[in-house]
There are 2 protein chains.
Amino acid sequence: MAKKATGGGLRERKKQATRTALAEAAVRLAAEHGAEGVTVEAISEAAGVSPRTFFNYFDTRDDAFAMIDAGIGERVRQAVLDAPAELPPLTALRDALAAELAGIESRHELWDLWAEVLHASPHLLVRSMGAHLADELALARAVTQRLRGGEEVPEDEPPGLYPRLVAAVAATAVRVSVAHWSAQGTGAAGRSVPFAEIFRETFAQLSAGLPAPGPGTD
Amino acid sequence: MAKKATGGGLRERKKQATRTALAEAAVRLAAEHGAEGVTVEAISEAAGVSPRTFFNYFDTRDDAFAMIDAGIGERVRQAVLDAPAELPPLTALRDALAAELAGIESRHELWDLWAEVLHASPHLLVRSMGAHLADELALARAVTQRLRGGEEVPEDEPPGLYPRLVAAVAATAVRVSVAHWSAQGTGAAGRSVPFAEIFRETFAQLSAGLPAPGPGTD
């Protein structure tokens, strides 16, 4: 599996930056005014683009709320395909996700806002869940492709149990790591354990088969 | 950890049967008329109880849609506490969940209906997600109690990383097993692999640390 250039070009990165700016603007406006009160015009203006450009990225206003960073899924899939052949799939996934989560401390406030917006507008939450489930299946497909030495997987082939499980468990590991990190609170001393450490420990427990921890370390 | 009788009494089982009958009636009526058109009176009548009895189980009509069988969580937690001390937590969880999923072939049609009802009424889906997340945290608490030899966990103590992870991964394993089993389709020959076999394989992969499967077996 040689390093491929797909998805990494300057043009592609600019497109992803615009898409992310639009999603962030949508969330910040919705947090302030409620999602129903936010127009495509207002989102576009806040992101510094025209409404016409908005519709190059999203079919409807509501689509802007489905994912806070739609580029993550594509980058993780590519990284899983590009990772050294000797890495187990779970390790390739861990490294790909760790790279995306490296800036979590600075983005967490935005993610919390986004979660609030979705919970306040359940139809947006349903849309977001659908987008994340589709992303999970696309990741399972990338794992399948990796297991086959890079050979393309037919579009209509449903993922096998292992690729589906490893993709879903990785998503769960991200959710649990973030929740555990957040639950530490933000006292005067800040969060006591850095996110990267909790994330590594989570995947170490998964790779070990989730054995019971030693006495006094639950 | 000796076998305890809590949760297994006849009175408790009757209560759970009534609660489940009400939830099932609510889902079947909602699938036919839409959730908004279903009254507490209609649900109660279909389940053969009075509206007053309905309100012994649910605070509002919408609460009847949050869980299709609210007894499952309580039974799984109790089984995790009662399982032989030598079983690893993941195995205790697997056995507890397997017992609950034993009748899945006969209940799957109802679960599909329920999923349709929730997706058609996003505010019910949000309520259901909240109930399931609370159940997952309660399960993490039961795992913590098991790891401490049965010692009660203080109400305000947040779960540690391991109990939270093992509870969330077990829930993910159930979701993936059901999805993989359903995706086999229902041709003239029926589903080719029984659910119990897929479920066992899923937990075997988790216990082994999700290693890559051998060539040609993804």
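1. Contacts between the chains. In this predicted model, 43 residues of chain A are in contact with 43 residues of chain B. The area buried between chain A and chain B is about 3700 Å². Carbon and sulfur atoms give 71% of that area.

2. The rule finds two salt bridges across the interface of chain A and chain B. One of them pairs Arg175(B) with Glu136(A). The closest N and O atoms of Arg175(B) and Glu136(A) are 3.1 Å apart.

3. Which elements build the interface. Four helices of chain A each supply at least two residues of the side that touches chain B: helix 5 (89-101), helix 7 (122-147), helix 8 (161-182) and helix 9 (195-207). Helix 8 of chain A gives the largest share, 14 residues.

4. Composition. By class, the side of chain A that touches chain B has 27 nonpolar residues. Ten polar and six charged residues complete the count for this side of chain A.

5. Symmetry. Chain A superposes on chain B by a rotation of 180 degrees, with 0.0 Å of shift along the axis and an RMSD of 0.0 Å. The two copies are therefore related as by a two-fold rotation axis. Of the residues of chain A, Gly209(A) comes closest to the rotation axis, with its C-alpha at 1.9 Å.

6. A residue to look at: Thr202(A). Thr202(A) lies in helix 9 of chain A, one of the helices that supply the side touching chain B. Is Thr202(A) buried or exposed? Its relative accessible area is 0%, under the 20% cut-off, so Thr202(A) is buried.

7. Surroundings of Thr202(A). Set aside the neighbours within four places in sequence, and Thr202(A) is in contact with residues of both chains. From chain A these are Ala173(A) and Ser177(A). From chain B they are Leu161(B) and Leu165(B). A polar atom of the Thr202(A) side chain lies 2.8 Å from the backbone oxygen of Ile198(A).

8. A distance for orientation. Thr202(A) and His119(A) are 83 residues apart along the chain. Their C-alpha atoms are separated by 27 Å.

Definitions and conventions: Residues are numbered from 1 along each chain as its sequence is written. Chains are lettered from A and ligands numbered from 1 in the order in which they are written. This is a predicted model: local features need pLDDT of at least 70, side-chain atom pairs count only at pLDDT 80 or more; totals for chains, interfaces and linings use all residues. Side-chain values use heavy atoms; hydrogens and water are left out. Contact means heavy atoms within 4.5 Å. Buried area is the accessible area (1.4 Å probe) that two parts lose on being put together, summed over both. A salt bridge is a side-chain nitrogen of Lys or Arg within 4 Å of a carboxyl oxygen of Asp or Glu. Ala, Val, Leu, Ile, Met, Phe, Trp, Tyr, Cys and Pro count as nonpolar, Asp, Glu, Lys and Arg as charged, and the others, Gly among them, as polar. Copies are superposed by least squares on the C-alpha atoms of residues with pLDDT of at least 70 in both. Buried means under 20% relative accessible area, exposed over 50%, partly exposed in between (1.4 Å probe, protein chains only). A polar contact is a pair of N or O atoms within 3.5 Å; within protein, one must be able to donate a hydrogen and the other to accept it, and residues adjacent in sequence count only if both atoms are side-chain atoms.
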